[in-house]
Amino acid sequence: MPSEVSEGSRSLIERFGVLMYDRTSECMEVNNAREHLFSQKSRTLENIPPTQAALKEHIKRTCFQANLWNQLLVLDPKIPEASDWGWTKESTGWQPFWTALPEASKSCHELIQCNCQKGCTGRCTCVKAGLACTELCFCSGDCVRVQSFTIAVPESREVQGYQDAEGNMRGTGSENLLRRGSVEGSQPGVNRWGTRGLHPIL
Ligand SMILES: [Zn+2]
Ligand SMILES: [Zn+2]
């Protein structure tokens, strides 16, 4: 068995994967097809191809499986190292290594927006998530509570929160640093969305 899937084979499979989701697509890469189908054709996340990172792992597992089956009648089969082929060993046993990318639900957290028309209070999506509002929100980030956010110097990792409608202190979690790199003033190298930027896939 080769030590890895060749780039030529991988890109051929990738193109095939694109066509399975959109038979008229001219995209060569799943990530481009994902963006196109999601933003231009209103496909749901379930109906777009996997990310390139997830597809790579899936292809590895497929090769691994085929290699095992191919040796079914061999007396002393040479089993490749599963950890090289899309599997990872957890305390509960071997599990698929789904992707090298961070979980979308975590990295897309910063895309939360609200649609408050009468001020951002306890029912505001951003308030609930402990995030200040941005230009994506109906309030355009101009609501009063945003002003109470101050980002401290990065070394101290401190964020001053705000009080919500019930008077509870909110937004003091470190997650705010991800999104609010520069609510007040700006730091070099930190954009409006903090240090992480928008999710690379969407
Ligand atoms: Zn709001
Ligand atoms: Zn707001």
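Me: What is the volume of the second largest pocket?
Reply: This is a predicted model: local features need pLDDT of at least 70, side-chain atom pairs count only at pLDDT 80 or more, and totals for chains, interfaces and linings use all residues. Residues are numbered from 1 along each chain as its sequence is written, chains are lettered from A and ligands numbered from 1 in the order written, and side-chain values use heavy atoms, without hydrogens and water. A pocket is an open set of points on a 1 Å grid over the protein atoms alone, where a 1.4 Å probe fits, with protein on both sides within 12 Å along at least five of seven lines. With points joined across faces, edges and corners, and probe spheres set on them to fill the space, the second largest pocket has a volume of about 180 Å³.

Me: Which helix gives the largest share of that pocket's lining?
Reply: Lining residues have an atom within 4 Å of a point. Here they include Ile13, Phe16, Met20, Leu55 and His58. Two helices (DSSP runs of H or I, at least four residues, numbered from the N terminus) give two or more residues each: H1 (7–21) and H3 (52–70). The largest share, 5 residues, comes from H1.

Me: How many charged residues are in this lining?
Reply: Asp, Glu, Lys and Arg count as charged. Ala, Val, Leu, Ile, Met, Phe, Trp, Tyr, Cys and Pro are nonpolar, and the others, Gly among them, polar. The lining has 8 nonpolar and 2 polar residues, and its number of charged residues is none.

Me: Which residues does Cys139 touch?
Reply: Cys139 belongs to the largest nonpolar core, which has 10 residues. Such a core joins buried (under 20% relative accessible area, 1.4 Å probe, protein chains only) Ala, Val, Leu, Ile, Met, Phe, Trp, Tyr and Cys through side-chain atoms within 4.5 Å. Touching means heavy atoms within 4.5 Å. Leaving out residues up to four places away in sequence, Cys139 touches Cys114, Cys116, Cys120 and Cys133.

Me: Is Ser42 buried or exposed?
Reply: Most residues other than glycine have a negative phi. Ser42 has a positive phi of about 55 degrees, and is found in the loop between H2 (30–39) and H3. Exposed means over 50% relative accessible area. Ser42 has 64%, so Ser42 is exposed.

Me: What is the relative accessible area of Ser140?
Reply: Ser140 also has a positive phi, near 60 degrees. Ser140 lies in the loop between H5 (125–129) and strand (a DSSP run of E, at least two residues) S3 (150–151). Ser140 is partly exposed, with a relative accessible area of 37%.
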